[in-house]
Amino acid sequence: MRYLPLTKDEQQEMLASLGLEKIEDLFQDIPAEAMFQGDLDVPGPLSEAELVRHFRELAGKNKDATQLVSFLGAGAYDHLIPSIIKHIVGRGEFLTAYTPYQPEITQGVLQSIFEYQTMICELTGMEASNASMYDGASALAEACLMACAATKRELVILPATLHPEWQAVVRTYLENQDVSIVFMPQHAETGTVDLDRLADLPWAEAACVVVQQPNFFGLLEDVAALKARIHEAKGLLVMAVDPISLSLLKSPGELGADIVVGDGQSLGQAMGYGGPAFGFFATTDKLIRRMPGRVVGETVDAEGKRAFVLTLQTREQHIRREKATSNICSNQALNALAATIYLSVLGKQGFRDVGYQCLQKASYMKQRLLEIPGLSSPFSAPTFREFAVRGQVDWVEINKRLLDHGFLGGLPLARFGHPDLVLFSVTEARTKQEIDDFVSTLRGLIQ
Amino acid sequence: MSEKLLYTKEHEWVLVKGNIVRIGISDYAQNELGDIVFVDLPSVGDWVEEGEGFCALESVKAVSDVYAPVSGKVVAVNEELEDSPELINESPLDKGWIVEIEVEGTPQVGDLMSEQEYAEYLKGV
Amino acid sequence: MTLRADVPLIFERSTPGRRGYRLPELDVPETPLEELIPQEYLRTEPPALPEVSELEVVRHYTQLPRRNHGVDVGFYPLGSCTMKYNPRVHEDLVSLPGLSAIHPYQPEETVQGALELIYNLSEHLAAIAGLAKTSLQPAAGAHGELSGLMVIKAYHNHRGEGHRTEMLVPDSAHGTNPASCAMVGYKVVEVPSNERGGVDVEALKKLVGPNTAGLMLTNPNTLGLFDENICQIAQIVHEAGGLLYYDGANANAIMGVVRPGDTGFDVVHFNLHKTFSTPHGGGGPGAGPIVVSEKLAPFLPGPVVQKDGDQFRLVMPEHSVGRVRSFYGNFLVYAKAYAYILSHGPQGLREVSATAVLNANYVMNKLKDVFELPYERICMHEFVLSGSHLKKYGVRTLDLAKRLSDYGFHAPTVYFPLIVDEAIMIEPTETEAKSTLDEFIEVMRQIAEEAKENPEMLTSAPHNTPVKRVDEARAARHPVLRWKPEASGEQ
């Protein structure tokens, strides 16, 4: 086998050193009725060349964003990815390392996580960040559970404007711990949380209120009123944010958030059919001992030199077992590293440029689309990189025809209960030409 | 003598002053736990039951509960431990005290060990 | 340049106004910012990200990994983590744009290749587990445990047996097991180990009952020992109405040798970043798919892929526990596991496990006269020594772990499992050459000697690493979790 280095002679020598004759003798502790007889029903073995051919065939059956011009978003985005990221994360010392449990020989990973934590704090305006979570949705679920533990309450208030898949994930996590969920309705005109209908909600029992910013429909929520309500009731404000939007928007920390989560795919990660990217998780100093996941801290070595180390580990499963703040162990460290490189090479100005270009290009496309007769804007609240458009057409069918023209259209929201809406996303990767071509193609298809 | 220092089998020490019982952990215990990095103190006013773990001591890679040797109300906590948990390592019997509990009536500490008895007990641990 | 020098943080390399990557010029007509977003929503200060050139970024993130151990750097016998070689071709495969640049909401007809991959891998993992259906949603082993326990809970609830809330967990189990139980509201009932390191069957009989939801078991267990009573254990739990959960952390020992489903397990999770060689990446991303029996399949987290004729599509299982994360799991991670299975084939996978077991036994046999071996049996893919005899020289297992770094080896897992005093858990994996194993054996024996002759050499170790022993207590007492400009160089 390609990856098994032992020669036949070495194998025999090693068996002999154990007083054994054949490989099967190693399995003598396994009772006969437990042994599997025969061959596993899996294909192979394939040589490297055959494997590459097979993967090319599979990949060739997909249409990807290098062949299509994409306006799809809703949680995964076609942003520009600087070339250096893949070269750095491909380095064996990063790629093939385990969790940095031995700090003296893992300073590279530890320091990069410390830098990552600092960047997440800068983006979110929070005081502490962990080393990453699986994704944004599960990070939000964990944030809700943390809020319940911190407040000793068993109810959370979610916005109806939260991404439906995130709603589903939060529901899965929370119902297993018998935590109730109450929804804040969407305002029909603004498309954001209906601030006129907050009075009836069970604030006094709520561990937290969640706000997604921008919300699922790409709209900017007014956070101040929700913050006032929940803090008055001694609950926590949890914000689920799009990291790119934080280049322009007021930070959640400034808005008074207690826990901030989000999905990091936008920060230099491949779309990869939805994974792996990473979730980020940030909070206040006051709450750090309730935070799930790994965290890196600064300290010194025996000679007094700066060093980094996994810290506050008593929160975690390998020490506290059933009393841990979460069961999370593996996270998405390499993706967090990619984001760290992304934010470094974009830098202060470059990162702002990304947000600014997304906003301007999305705004331009929205204006152009709304010039098409039959299309209208369903909501009045301001938008950032995504926006919904209303039109009495079969968006799934339209998208099929757009594909023939080389476009991946917006996401038809019929699957989420809005048959006449479609959600477009426009990143800095789109050009004016692509937008203009798309608008004129769509105009042709609708008329 | 109005004050006497006694020990529990869980390696806490107990100093009785009237109906107030001051509690900490023994020198042996702090040595076993290693560097204490965080003390999760109870709040003044909390009621604790005898045998209940009312406070968690965290070292880098372990968490240990401190058990209440008596039932009563927490009337004082050593707030210095919040910023300097290492006091438990440096001065377990003095500056590293943890809480004071007020009991109703006379503290029932008859089955606790004296210093000599505890020294004997440690030999068997 | 010496590796000893402190590498500044990327923030400390920053020069105001310097730029790295640049975007194309904005080519659409601009609208004033305030007309698009109300002023009160806008931030006044941009995030203080570094201002560095591309070369500075490349240099920085080239200097950092030089201060890091990895499988590519040297031997990594970290028990329970299966640090085997990660084939490089896998990185090429998942970089194909047809896999890496597809959007999770593309119409299914434009991602048939991705769905076919998911379907095939699901089938192959089911074949390896000896069970029926797979969900690739979970992002890591602990996430798989959580998902698997949710499936078990949903199954009991569906049958009107919601009172079954006790999960049996051996005292040798990974910390994630009890922690995952807590996350589904289960009460953990600890099962003691017997003198051979397996589940104490008599104790188990007394612990099962009408409230038993199931038993979580790692087999081989965390001592690296195969539980000989597995079939009897399964029978006891099943007769009590419970289900058996297989923690696949140690599945590298059993591929093609034992199929967990055949020995009575109802749910299996695999750690693809262990057994199936997807890189650990400094802590993740992993993938923790679960495989279940036919009767549990309707409860799997979704969506999963179904094949209709020659078309593949995403479906939610009928009574699904729901979604455990967005989209379809860590696709580009598990695609590498698919490649791993294909490149090995059925005999190759069995050979992987057999070689992993041979290597572990070889190393164990050469070390058992200088370290204590608490359970003297043939081990599986890993084994546990005790360093308790070193205490009399004032040396702890931790010191031994640190000293190994001086010789260029990563330490084994230490202080786990909890049932062995001063535990040293060694997992060589199958991809190491005999010469590497021999070097490791030699160094371990030398360190055992040093502990007697020169204990200070161990207690002050490591000596040859980029930093000396790190003060973990200080980090935990006064947490500094981020860099701040004014705090640089001080605390």
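# Cavities, pockets and interfaces at a glance

Domain 1 and domain 2 of chain A bury about 2,300 Å² between them, and 71% of that area is on carbon and sulfur atoms. On the domain 1 side of chain A, A:Phe351, A:Phe379 and A:Phe384 lose the most area to domain 2, together 26% of what that side buries. Please keep in mind that this is a predicted model, with ipTM 0.97 and pTM 0.96.

**Confidence**

- Chain C has a mean pLDDT of 96, and 98% of its residues reach 70 or more.

- Chain A is assigned a domain 1 made of 69-81 + 348-446 and a domain 2 covering 84-341.
- Between the C-alpha centres of domain 1 and domain 2 of chain A, the distance is 28 Å.
- Each side brings residues to this contact: 30 from domain 1 of chain A and 30 from domain 2 of chain A.

**The largest cavity**

- Searching the whole structure turns up 8 cavities of 30 Å³ or more, and the largest cavity holds about 270 Å³ of space.
- Its lining consists of 20 residues, with A:Gly75, A:Tyr77, A:Gln212, A:Asp242 and A:Arg385 nearest the centre of the largest cavity.
- By residue class, the lining of the largest cavity has 9 nonpolar, 7 polar and 4 charged residues.

- The volume of the second largest pocket is about 980 Å³.
- Among the 36 residues that line the second largest pocket, A:Lys86, A:Ala270, C:Ser95, C:Ser100 and C:Leu332 lie nearest its centre.
- Helices of two chains contribute here: α3 (84-89) and α11 (333-370) of chain A, along with α3 (89-93), α4 (97-100) and α10 (331-367) of chain C, each supply at least two residues of the lining of the second largest pocket.
- Sorted by class, the lining of the second largest pocket comprises 19 nonpolar, 11 polar and 6 charged residues.

**Where chain A meets chain C**

- In this interface, 191 residues of chain A are in contact with 203 residues of chain C.
- About 17,500 Å² is buried between chain A and chain C, with 63% of it on carbon and sulfur atoms.
- On the chain A side, A:Glu104, A:Tyr273 and A:Arg321 lose the most area to chain C, together 6% of what that side buries.

Key. Residues numbered from 1 in each chain as written. Chains lettered and ligands numbered in written order. Predicted model: local features only at pLDDT ≥ 70, side-chain atom pairs only at ≥ 80, totals over all residues. Heavy atoms only, no water. pLDDT = per-residue confidence, 0-100. 1 Å grid on protein atoms, 1.4 Å probe; cavity = no way out; pocket = protein on both sides within 12 Å on 5 of 7 lines; lining within 4 Å. Points joined across faces, edges and corners; volume = space filled by probe spheres on them. Nonpolar A, V, L, I, M, F, W, Y, C, P; charged D, E, K, R; others polar. Helix = DSSP H or I, 4+ residues; strand = E, 2+ residues; numbered from the N terminus. Contact = heavy atoms within 4.5 Å. Buried area = accessible area lost by both parts, 1.4 Å probe. Domains from an automatic or database assignment.
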